[in-house]
Amino acid sequence: MGPLTWGPVADRLDAAVPSLVDLEPPYWRSVAEKVAAAITEPAILVVHSNAGLFVPVIAEAAPVAGCLIVDGRLPGHTGRMHDFLQPMVGGDGLLPPWTEWWGDADLAPLFPDEETRAAVSAEVPRLPIGYFEEQIPGPPGWDAKPCGYLRFSEAYVAEAEEAARRGWPVEHLPGLHLHQLVDPDAVAERIVAMTRSWAVQR
């Protein structure tokens with residue numbers, strides 16, 4: 001997804017949303033470098049969906065003071081997307097945009113209105129299947145700093161439960177996977193509440 005998916009929340013938090021649209025292999029390194037370029041001082045890292053897998057390499061490359069995974073996958077949990085995605089790969093080796101992976105009945109409720117859906121869809125890239133096949137390194141000690149998990153949807157119950165087993169604070173803000181677009185005020189408030197006690201040393 002492009003940065004528009006978190007734009008409304010970022011506006012409320014005066015936060016940066018680095019674009020991860022133009023990536024080059026190894027994709028994990030490209031992701032880490034782009035985020036590191038956007039973080040110039042210790043900051044709380046908020047990651048969503050598949051971006052959760054990249055937290056260890058981002059934390060190694062950037063001055064991350066803490067990490068909140070939002071309705072996303074946990075580092076080290078790889079492999080489950082390949083079988084679902086492989087039949088979608090086009091003749092050019094690329095997947096369709098994420099907003100075309102699902103039928104309209106599943107996709108439409110994720111957005112607050114058609115205008116937002118069109119704007120977000122317009123910046124969604126086509127990714128190679130290799131993006132989902134990469135083995136992302138897991139540098140040790142990435143989770144020594146504060147970590148937490150904020151769940152929106154029922155699709156991420158297992159990840160939230162695993163985060164709780166790791167001793168992370170876990171909260172549930174009921175909604176669908178792009179709830180940050182539907183209710184950015186509530187999402188911003190919950191992020192602040194969950195991370196308020198995390199000391200950010202500058």
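Helices here are DSSP runs of H or I with at least four residues, and strands are runs of E with at least two, both numbered from the N terminus. On that basis this predicted model contains ten helices and four strands. Their order along the sequence is α-α-β-α-β-α-α-α-α-β-α-β-α-α.

The overall dimensions come next. The radius of gyration is 16 Å, which agrees with the value near 17 Å that a compact globule of 202 residues would have. Along the principal axes, the C-alpha atoms occupy a box of roughly 50 × 35 × 30 Å. Of the contacts between residues at least 6 apart in sequence, 60% connect residues at least 24 apart.

Buried residues make up 45% of the 202.

The aromatic rings can be followed in pairs. Rings of Phe, Tyr and Trp are paired if their centres lie within 6.5 Å, and the protein has nine such pairs. In one of them, Trp142 and Trp168, the ring centres are 6.1 Å apart and the planes stand at 90 degrees, so the arrangement is edge-to-face. Trp142 belongs to the loop between helix H7 (130-133) and strand S3 (147-151), and Trp168 to the loop between helix H8 (157-165) and strand S4 (170-172); the pair therefore ties together parts 26 residues apart in sequence. Buried means under 20% relative accessible area, so Trp142 qualifies at 15%, and Trp168 is buried as well, at 10%.

Ring pairs also join Tyr27, Phe54, Phe84, Trp98, Trp101, Trp102, Tyr131 and Phe132 in a cluster.

Definitions and conventions
Residues numbered from 1 in each chain as written. Predicted model: local features only at pLDDT ≥ 70, side-chain atom pairs only at ≥ 80, totals over all residues. Heavy atoms only, no water. Rg over C-alpha atoms; globule rule 2.2 N^0.38 Å. Buried < 20%, exposed > 50% of the residue type's maximum accessible area, 1.4 Å probe, protein only. Contact = heavy atoms within 4.5 Å. Phe/Tyr/Trp six-rings, centres within 6.5 Å; stacked < 30°, edge-to-face > 60°.
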